[in-house]
Every structure is written in C-alpha cells, then in structure tokens.
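The following exercises are to be worked with the sequence and the three-dimensional structure at hand. Each task is followed by a stepwise solution.

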Amino acid sequence: EFHFIFHTQGSYKYEDIAVDLLPHAFSILLNYFGRKEINSFVWETSQNNFNCDFNYGHCHVRFDFQENAKAKKKLSLKLNDNLFERFQEGSENTYKVFMKDMINGNHFYSDDPFKIYIKRFIKYCQIDNENKVDDYKIASTNLELMAYCLDKINQQKY
C-alpha cells in the first residue's frame with residue numbers, strides 16, 4: 001500500500017488541484033515501483049481537496065491532495081505501515097529538509113531540493129552532446145499516467 005499526502009498553499013481548486021499535484025505523486029510512484037498499469041481509478045474533490053484511489057500494478061495507491069493558502073503545508077508517504085513525513089527547518093544558510101520516520105523517529109536529511117536540481121542542470125550542461133541522457137522517458141511516462149487519470153476525471157464529470 002502506498003499513500004501520498006501533499007498539502008500545499010497553492011491556489012488551485014477542485015480538479016485543477018490534480019493537474020497541479022499529480023506529476024509530483026507520479027514521480028514518486030515511478031521512482032519506487034516503475035511503470036505499472038492503473039486500474040480501478042476513483043476520485044473525489046471539493047474546493048480545496050482532491051483525493052483518488054487506484055491500483056497500480058499490485059499496489060493499492062491513495063493520493064490525498066490539498067491546496068489552501070491558509071492551511072499548513074504537509075508532505076508524507078505511507079508505505080504499508082511505515083509513515084514518513086517531510087520537515088523543513090531554518091532559513092537561508094541554515095535551511096534543512098528531512099524525512100522523519102514517524103514510527104522510530106529517525107531523520108533522513110537531504111540537500112535543499114532547489115540546490116539538487118541546479119546541480120543536476122549544471123552537470124547536464126557540462127556533458128558533451130553525444131553522451132547526454134535526459135529524463136524524457138520518465139517524464140513522458142509521468143504525463144501518460146496523469147493523462148489517464150485526467151481522462152477518467154473528465155469522463156465522470158460529464
């Protein structure tokens with residue numbers, strides 16, 4: 001079982017929340033499980049929330065999204081009975097990001113995501129053209145999965 005909770009302070013409403021946040025959720029799914037088929041997709045929405053459930057291969061998946069300028073930000077992952085939540089602390093030079101195992105309290109620190117992507121971009125630009133490998137296949141798979149879900153949403157709306 002995989003449960004992804006992503007609450008932001010974004011401004012999207014109803015189904016547009018899915019358009020904004022599905023790519024993030026599918027990036028994580030693809031990283032952990034690779035490309036699988038989606039089955040039994042169901043969803044519900046309200047002004048500030050979008051939730052969906054589906055089977056991804058043999059894994060049951062639930063996405064819980066919220067966009068609300070006044071709400072607290074939250075990012076957590078639940079893998080079977082293991083719950084991990086993202087924490088951010090400090091600012092500027094003291095800024096730190098970590099995932100906390102909510103069962104045993106262990107912290108897993110990572111670099112600032114912005115710095116990670118800047119380093120990847122610079123490294124990519126420094127490689128000669130013949131040896132460049134991009135993430136097109138992953139990005140296109142992400143878009144295919146997202147398009148499948150948005151198509152199901154549109155079919156149920158009308």
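Accessible areas come from the Shrake-Rupley method with a 1.4 Å probe, and for residues only the protein chains shown count as cover. The model is predicted: local features need pLDDT of at least 70, side-chain atom pairs count only at pLDDT 80 or more, and totals for chains, interfaces and linings use all residues. Residues are numbered from 1 along each chain as its sequence is written, and side-chain values use heavy atoms, with hydrogens and water left out.

**Exercise 1. Describe the chain as a whole.**

Step 1. The accessible surface of the chain is about 10600 Å², and carbon and sulfur atoms contribute 50% of it.

Step 2. Buried means under 20% relative accessible area, exposed over 50%, and partly exposed in between (1.4 Å probe, protein chains only). Of the 158 residues, 32% count as buried.

Step 3. Helices (H or I, at least four residues) and strands (E, at least two) are DSSP runs, numbered from the N terminus. The chain has 3 helices and 8 strands, in the order β-α-β-β-β-β-β-β-β-α-α.

**Exercise 2. Determine the geometry and the surroundings of helix α1.**

Step 1. Helix α1 covers residues 16–33, and its 18 residues reach 26 Å from first to last C-alpha, close to the expected 26 Å. The expected span is 1.5 Å times one less than the number of residues.

Step 2. A bend is the angle between axes fitted to the seven residues ending at a residue and the seven starting there. At Leu 22, α1 bends by about 40°, and Pro 23 follows within four residues.

Step 3. The buried residues of α1 are Ile 17, Ala 18, Leu 21, Leu 22, Ala 25, Phe 26, Leu 29 and Leu 30. An α-helix has 3.6 residues a turn, so residues three or four places apart point the same way.

Step 4. The cover over these buried residues includes β1, β2, β3, β4 and α3.

Step 5. Just after α1, Gly 34 has a positive phi of about 75°.

**Exercise 3. Is Glu 15 buried or exposed, and which residues does Glu 15 touch?**

Step 1. Glu 15 lies in the loop between β1 and α1.

Step 2. Glu 15 counts as buried because its relative accessibility is 19%.

Step 3. Contact means heavy atoms within 4.5 Å. Leaving aside residues up to four places away in sequence, Glu 15 touches Trp 43, Thr 45, Phe 50, Ile 153 and Lys 157.
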